[in-house]
Amino acid sequence: MSRNYKFLNPKAAYFVSFATVNWIDVFTRQIYFDVLAQSINYCRKEKGMQLYAYCFMPSHVHLVFRSSEEDPAGILRDFKKYTSKKILKTIEGNKRESRKEWLLWMFKRAGVKKGNVSTYQFWQHHNKPIELWSPKVIKQKIDYIHNNPVVSGFVTNPFDYKYSSARNFNEDNTVLEIDDIGFLD
């Protein structure tokens, strides 16, 4: 992995993006979004995650966060490990999931191709963390995150996408709470 894509400064805020293997659209049902939201809430309460922006897209996740415990790589590793297991278990147990066999087959197929994966691979291994070193760069990444659902054609206004902190920036904290980054007002 390139040096540009590592958590070099444990005190910094980071922009990360990570996707499901083969960019599979898993997050199309409420039950799977709930796993992501619950996991973020846990990381905020128990692991020292300070969340400044997020967007859950059908096949990928964007976050701007920092670790108050100076372990951003550990938070992200644990988040991805837990959510992959929980979502796979949720898919297996979801009697209403019409794509169950296909999804599990795709994740198993991806796992077989990787020597370090025992059965299923849910997330792609890279996170592409980018250290956010100035207010201008932070604002640029948050704007990118908030405009992702607009560019993808899901909504015409970033505030209308349910699983985005654009709603929080519009005083709507119904999905997730975020932390105040302080200088973007």
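In what order do the four strands of the open sheet stand? The order is E2-E3-E1-E4, and the pairing is antiparallel. Strands (E, at least two residues) and helices (H or I, at least four) are DSSP runs, numbered from the N terminus. Two strands count as paired if DSSP finds at least two bridges between them. The model is predicted: local features need pLDDT of at least 70, side-chain atom pairs count only at pLDDT 80 or more, and totals for chains, interfaces and linings use all residues. Residues are numbered from 1 along each chain as its sequence is written, and side-chain values use heavy atoms, with hydrogens and water left out.

E2 and strand E4 (130-132) form the edges of the sheet. Each has a single partner strand, so one side of each lacks a neighbour in the sheet. On average, neighbouring strands are turned by 25° against each other, direction ignored. Axes are lines fitted to C-alpha atoms, for helices over the stretch in contact; angles run from 0 to 180 degrees between N-to-C directions.

E2 (residues 49-56) and E3 (residues 60-67) run antiparallel and are joined by seven bridges. A hairpin of three residues links E2 to E3. Ala53 has Val64 of E3 as its bridge partner. Phe15 also stands opposite Val64 in E3. E1 pairs with E3 over seven bridges, in the antiparallel sense. H1 lies across E2 and E3 and runs at about 165° to E2.

E2 is mostly covered, with seven of its eight residues buried. Buried means under 20% relative accessible area, exposed over 50%, and partly exposed in between (1.4 Å probe, protein chains only). The largest nonpolar core has 55 residues, of which Val26 and Leu63 touch the most other members. Such a core is a set of buried Ala, Val, Leu, Ile, Met, Phe, Trp, Tyr and Cys residues joined through side-chain atoms within 4.5 Å. Elements giving two or more residues to this core include strand E1 (13-19), helix H1 (30-46) and helix H4 (135-151). Not counting residues up to four places away in sequence, Leu63 touches, among others, Phe15, Ile40, Ala53, Leu76 and Ile145. Contact means heavy atoms within 4.5 Å.

The structure holds zero disulfides, a disulfide being a pair of cysteine sulfur atoms within 2.5 Å. The cysteine sulfur closest to that of Cys43 is in Cys55, 18 Å away, too far for a bond. Cys43 is buried, at 3% relative accessible area. Cys55 is buried as well, at 0%.
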